[in-house]
Amino acid sequence: MGLLGKLTSNDNMSGYKKFDNKQGWTNSDLLEKLSGVTTSLGTPKMGTVKIMGKDVEAVVFDGVSENLDIYIKADDKKIDAGSSPKPGATGAAMLGALGGAFGGGNSADASKVTRAIEELQSVMDNLLAGKEVTETKAAVRAESGDSVKLYMEEKLELSLKDRYTLFTADHEPAYFIEGNVMDTAYKIMDAQENEIMVVKKKLISVMPEYNVFEGKKEIANFKKKLKLTKTEIAGKANGKELTIKGDMLAYNFDILLGDEVIGTVDKEATFWANCYRIESFSKSNVNLIVAIAAIVEALKKAEERSSD
């Protein structure tokens, strides 16, 4: 399928969604309906976006990303939702927009855009089905104050025994991750260096497989998926399916438990170099997401060794 074909289909492409406009809604209708729904995207307004080099009227959310606007627009047959560089945006922002649209972007902007458009899709699916929508889960989550942000410095050199520190925004240690010499186990400790979890690699497995334990209780298991283009893991945690969306080894991905995004990892600019951000949208999932960070580091180390 060519580029234009992709742009006019709804094939689960990240950063772009299309809906049948059976109700004959106009942009004014979309603005009215979306203004009545509380989302994490902010307040919608009527505006103009550039699509295929042309200025097009659309309902715009301009508070999601520093460089990109989220838009949704209607015509006689369909409703499109996507992203567009803000007026005056640089070439880098244009690449970020394309990355968000086709699932290949590694920027924090592309990740934010993908999540925002998926949230918008959920709202539109319900509105088009005639259901009443007043708020989204993401909006409730954003207002809860339950989010936890941690920062982890990349390990730029290989070593026999790895130790990582996860910091708060004030650069105070919050967690420590310590691997053994054989990379078969990672101990996860709190700020006082008390062990809270252990991640163990299964010794005999076709694809790398990891089990997460709190004491003697197994709380999650993950397995590397067979992918030709990028590294991914999938598994179960607390009895629910856990999946990754994005690029793990580039530190830009979302973590889903069931159909809910519970956390995200990105390399958004932070206050010191070679650092990436780990965010859990709920305090109850922080330990699980820290365990995933340990697994990502184990897989990244294995990838680096195999390429040497």
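Two residues are in contact here when heavy atoms of each lie within 4.5 Å. In this predicted model, threonine 264 touches Ser111, Arg115, Phe253, Asp254, Arg277, Ile278, Glu279 and Phe281, leaving aside residues up to four places away in sequence. Threonine 264 belongs to strand 16, which spans residues 260–266. Its relative accessibility is 1%. Because the limit for a buried residue is under 20%, threonine 264 counts as buried. The side chain of threonine 264 also reaches the backbone oxygen of phenylalanine 253, at 3.2 Å.

The wider setting is as follows. The protein has 308 residues, and buried residues make up 47% of them. Its secondary structure comes to six helices and 17 strands. Among contacts with a separation of 6 or more, 44% are between residues 24 or more positions apart.

Strand 15 is mostly covered, with six of its six residues buried. In a regular strand, side chains alternate between the two faces of the sheet.

Six bridges join strand 14 to strand 15. Here aspartate 247 has asparagine 252 as its bridge partner. The hairpin of these two strands has four residues between them, and tyrosine 251 takes a positive phi near 55°. Five bridges join strand 15 to strand 16, again in antiparallel fashion. Leucine 256 is paired with valine 261 of strand 16. This second hairpin has two residues between its strands. Glycine 258, in the turn, has a positive phi of about 70°.

The structure holds one aromatic pair. Tyrosine 251 and tyrosine 276 form this pair, which is stacked, with 3.9 Å centre to centre and 15° between the planes. The pair links distant parts of the chain, 25 residues apart. Tyrosine 251 sits in the loop between strand 14 (240–247) and strand 15 (252–257), whereas tyrosine 276 is in strand 17 (residues 275–280). Both tyrosine 251 and tyrosine 276 are buried.

Strand 17 in turn pairs with strand 6 (residues 148–153). The two run antiparallel and are joined by six bridges. Lysine 149 stands opposite glutamate 279 in strand 17. Glutamate 279 is also among the residues touched by threonine 264.

In helix 2 (residues 27–35), Asn27, Leu30 and Leu34 are buried. They lie on the same side of helix 2, because they cover an arc of only 55° around the axis. An α-helix has 3.6 residues a turn, so residues three or four places apart point the same way. Elsewhere, lysine 200 lies over the face of phenylalanine 213, at 5.4 Å from the ring centre.

Key. Residues are numbered from 1 along each chain as its sequence is written. This is a predicted model: local features need pLDDT of at least 70, side-chain atom pairs count only at pLDDT 80 or more; totals for chains, interfaces and linings use all residues. Side-chain values use heavy atoms; hydrogens and water are left out. Buried means under 20% relative accessible area, exposed over 50%, partly exposed in between (1.4 Å probe, protein chains only). A polar contact is a pair of N or O atoms within 3.5 Å; within protein, one must be able to donate a hydrogen and the other to accept it, and residues adjacent in sequence count only if both atoms are side-chain atoms. Rings of Phe, Tyr and Trp (its six-membered ring) pair if their centres lie within 6.5 Å; planes under 30 degrees apart count as stacked, over 60 as edge-to-face and the rest as tilted. A charge sits over a ring if NZ of Lys or CZ of Arg is within 6 Å of the ring centre and within 35 degrees of the ring normal. The arc is that of the directions from the helix axis to the C-beta atoms. Two strands pair if DSSP finds at least two bridges between them.
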